[in-house]
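The following exercises are to be worked through with the sequence and the three-dimensional structure at hand. Each task is followed by a solution in steps.

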Amino acid sequence: MAFTPISRRTSRAARFLGVAAASTAIVLSASSNALACNIKEFSAEAKCDGEKGVITVTDVDKAGVEATVSVYLQNNGADAKKVGEQKVKGSKEGTTITFEEDWAPNAEYRIHVEALPYIKGEDIKPNLTTPATACKTEDTPTPTPTPTPSDSASTPAEESPTPTPSASEGTTAPAPAESNAPSPAAGDSNLAETGANSNTGLIAGIAIALVALGGGAVFFGLRRRGAGSR
């Protein structure tokens, strides 16, 4: 079999095709990695669920690569505590996971994402800062106004109800008014109070008898004196 030598032109063309294929492979590989999963496809937000605080993380990775998301509370640039860790698979519409966290106003959280082999542990930049207003506000009690001395003095005291006279009190005769007239004698008082006395007739008879006896004695005395003068 005879060997046909490759011309310089053919060799140059083959070399060009090889370089182009390698470049294309590199570009496609990079594009595939970029499309597969990227930290920029993750976002975080602090919200309120009623009166409770939550932190949500949304993944819009169209390839649906499974990623692990961890949330850390920050204090002076260091992790103060780990809020939680969840797995998520992104979608074109976006897949959201929720962490229950009663966050304080203006608190800072670090969101860490790992999706091998594409994301080898990266944080969402910048760190999440919560709103300035908490989800639940404390009710402030209304102070009770303290009455001043002038208020208490101006308020009239409640008048006690006037007692209504009962039936027995209504039938009682009023006490007689005092009089400047002299008080009657004891005998007159008895006669005035009773209108008559059971001894009145006897006393009147004795009085008449005494008057008659006295008149007779006077008559006989005058007659006797007249007889003596003769």
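**Exercise 1. A residue and its surface patch**

In which helix is Ile206 found? Determine also how accessible Ile206 is and which residues make a nonpolar surface patch with it.

Solution. 

Some conventions come before the steps. The model is predicted, so local features require pLDDT of at least 70 and side-chain atom pairs count only at pLDDT 80 or more, while totals for chains, interfaces and linings use all residues. Residues are numbered from 1 along each chain as its sequence is written, and side-chain values use heavy atoms, with hydrogens and water left out.

Step 1. Ile206 belongs to helix H5, which covers residues 200–228. Helices (H or I, at least four residues) and strands (E, at least two) are DSSP runs numbered from the N terminus.

Step 2. The relative accessibility of Ile206 is 44%, so the residue counts as partly exposed. The classes are buried (under 20% relative accessible area), exposed (over 50%) and partly exposed (in between), with a 1.4 Å probe and protein chains only.

Step 3. Leu202, Ile206 and Leu210 make a nonpolar surface patch of about 320 Å². Patch residues have over 30% relative accessible area and no salt bridge; like charges are joined within 9 Å, and nonpolar side chains (Val, Leu, Ile, Met, Phe, Trp, Tyr) within 5 Å. Accessible areas come from the Shrake-Rupley method with a 1.4 Å probe, and for residues only the protein chains shown count as cover.

**Exercise 2. The chain as a whole**

How many helices and strands are there in the chain, and in what order do the elements run?

Solution. 

Step 1. The chain has five helices and eight strands.

Step 2. Read from the N terminus on, the order is α-β-β-β-β-β-β-β-β-α-α-α-α.

Step 3. Of the 230 residues in the chain, 19% are buried.

**Exercise 3. An open sheet**

In which order do three strands form an open sheet, and is the pairing parallel or antiparallel?

Solution. 

Step 1. The order is S1-S2-S5, and the pairing is antiparallel. Strands S1 (42–49) and S5 (95–100) are the edge strands, each pairing on one side only. From one strand to the next, the twist averages 25°; axes are lines fitted to C-alpha atoms, for helices over the stretch in contact, and angles run from 0 to 180 degrees between N-to-C directions.

Step 2. Two strands pair if DSSP finds at least two bridges between them. S1 and S2 have eight antiparallel bridges, and Ser43 stands opposite Thr58 in S2. Strand S2 (residues 52–59) pairs with S5 in the antiparallel sense over six bridges, where Asp59 stands opposite Thr95 in S5.

Step 3. The hairpin of S1 and S2 has two residues between the strands, and Gly50 takes a positive phi near 75° there.

**Exercise 4. The disulfide**

Which cysteines form a disulfide, and where do they lie?

Solution. 

Step 1. The structure holds one disulfide (a pair of cysteine sulfur atoms within 2.5 Å). Cys48 and Cys135 form the bond, with their sulfur atoms 2.0 Å apart. Cys48 lies in strand S1 and Cys135 in the loop between strand S8 (128–129) and helix H2 (149–154); the pair links distant parts of the chain, 87 residues apart.

Step 2. The torsion about the S-S bond of Cys48 and Cys135 is about -90°, and therefore the disulfide is left-handed.

Step 3. Cys48 is partly exposed at 40% relative accessible area, whereas Cys135 is buried at 19%.

**Exercise 5. A network of salt bridges**

Solution. 

Step 1. Five salt bridges occur in the structure. A salt bridge is a side-chain nitrogen of Lys or Arg within 4 Å of a carboxyl oxygen of Asp or Glu.

Step 2. Asp123 is in strand S7 (residues 119–123), 13 residues from Arg110.

Step 3. Arg110 is buried at 17% relative accessible area and Asp123 is buried at 18%, whereas Asp79 is partly exposed at 39%.
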